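Dear colleague,

I am handing over the structure we spoke about, and my notes on it follow below. Please read them with the coordinates open beside you.

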Amino acid sequence: MLNVRVARRTREAVDIDTFELMDVDGKPLPPFSAGSHIDVHLPNGLTRQYSLCNDPTESHRYLIGVLRDAGSRGGSTAMHEQVKEGDVLRISTPKNHFPLVHEAKRSVLVAGGIGVTPILCMAERLAVAGADFEMHYCTRSRERTAFHDRIAGSAFAPRVRFHFDDGDAAQKLDIARLVATPQPGVHLYVCGPKGFMDAVLAAARAAGWPPAQIHYEFFNAELLPTGNEGAFEVKLASSGRVVAVGKDQTVVEALAAAGVEVPTSCGQGVCGTCLTRVLEGVPDHQDLYLTPEEQAANDQFTPCCSRSKTPRLVLDL
Ligand code: FES
């Protein structure tokens with residue numbers, strides 16, 4: 001855990017602010033790589049993950065961008081309404097579940113909305129490394145485009161295309177065309193809202209991109225799909241103990257009430273901290289962490305949010 005001070009808060013676009021975080025004693029912060037995020041412990045008790053969007057060579061600050069989302073469960077609202085310059089926040093050290101493949105011949109970066117935060121960090125890194133890449137940034141309108149001027153004024157501006165939903169048809173992103181021809185050594189990175197990512201990922205898969213060349217991260221787990229919300233049981237393989245999971249409880253909560261702690265971080269199916277092996281039964285995956293292939297194997301699940309399609313799951317606990 002680190003204590004950081006909010007050194008500056010800046011309006012970047014409609015409903016999007018950045019928060020510049022510095023060590024409370026002015027010491028250098030732990031290093032991070034492009035695609036990293038931090039857990040931020042919010043004043044209202046929630047923990048939320050935000051991607052770092054500054055140049056990874058910087059050690060004096062972490063920069064996060066936060067969209068005020070009316071449909072959120074309180075994370076982005078707390079950041080916007082309760083966190084001001086000078087406040088001290090507790091954060092985790094950076095973790096990276098969305099790293100760049102450094103041996104890539106070329107990288108195609110695709111961002112939707114606030115999903116630009118890790119993508120921008122990747123662009124900074126690739127530009128500094130002199131690597132070959134292109135970046136596409138889709139937003140609803142110019143006013144909702146965070147970091148527009150920073151990108152337009154950067155050395156890598158010629159590699160970036162902006163695509164506005166309210167702009168003319170010619171500038172809109174033709175996803176099918178962008179991903180039409182997968183090539184060895186070319187890697188695709190996608191971050192944005194679920195519908196946007198589903199469209200890009202489906203097009204890439206349909207065009208035959210190998211899974212190893214597709215990389216993605218959902219920026220907002222508050223868009224979790226709804227699934228089976230009924231009650232079920234979990235059985236602990238080690239002790240044979242059976243724990244009932246109520247319809248209003250998560251598996252993690254039910255286990256905690258029974259005295260069994262499962263480590264968690266995001267609590268939203270994003271980080272993978274709670275990943276648990278499933279020995280019997282079929283989980284109802286609600287996470288955004290496992291790939292579709294991993295989910296289909298049904299041999300692991302995220303008990304912080306996922307549920308069960310069968311009356312009982314036997315867990316490797
Ligand atoms: S705690 Fe993050 S995926 Fe479950």
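This is a predicted model: local features need pLDDT of at least 70, side-chain atom pairs count only at pLDDT 80 or more; totals for chains, interfaces and linings use all residues.

Helix α5 itself spans residues 194-206, and its 13 residues reach 18 Å from the first C-alpha to the last, close to the 18 Å expected at 1.5 Å a residue. Its buried residues are F196, M197, V200, L201, A203 and A204, and because they cover an arc of only 160 degrees around the axis, they lie on the same side of α5. On the face turned away from the buried side, α5 carries the exposed residues G195 and A206, and the helix is followed by G208, whose phi is positive, near 95 degrees.

Because 7 of the 7 residues of β8 (residues 133-139) are buried, the strand is largely enclosed by the rest of the structure. F133, M135, Y137 and T139 point one way from β8, whereas E134, H136 and C138 point the other way, and all are buried. On the β7 side, β8 pairs with strand β7 (residues 106-112) in the parallel sense over 6 bridges, with L109 standing opposite M135. Between these two strands the chain passes through helix α2 (residues 116-129), and this β-α-β crossover is right-handed. Strand β9 (residues 160-164) also pairs with β8 in the parallel sense, over 5 bridges, and here M135 stands opposite V160.

Turning to helix α1 (residues 75-82), I find G75, S76, A78, M79 and H80 buried, and the buried residues of this helix pack against β1 (2-13), β2 (16-23), β3 (37-41), β4 (47-51) and β5 (62-67).

D15, in the loop between β1 and β2, has a positive phi near 70 degrees, and F147, in the loop between β8 and α3 (148-152), has a positive phi of about 70 degrees.

With best regards

Notes:
Residues are numbered from 1 along each chain as its sequence is written. Side-chain values use heavy atoms; hydrogens and water are left out. Buried means under 20% relative accessible area, exposed over 50%, partly exposed in between (1.4 Å probe, protein chains only). Helices (H or I, at least four residues) and strands (E, at least two) are DSSP runs, numbered from the N terminus. Two strands pair if DSSP finds at least two bridges between them. A crossover is right-handed if, with the strands pointing away from the viewer, the path from the first strand over the helix to the second runs clockwise. The expected span of a helix is 1.5 Å times one less than its number of residues. The arc is that of the directions from the helix axis to the C-beta atoms. Contact means heavy atoms within 4.5 Å.
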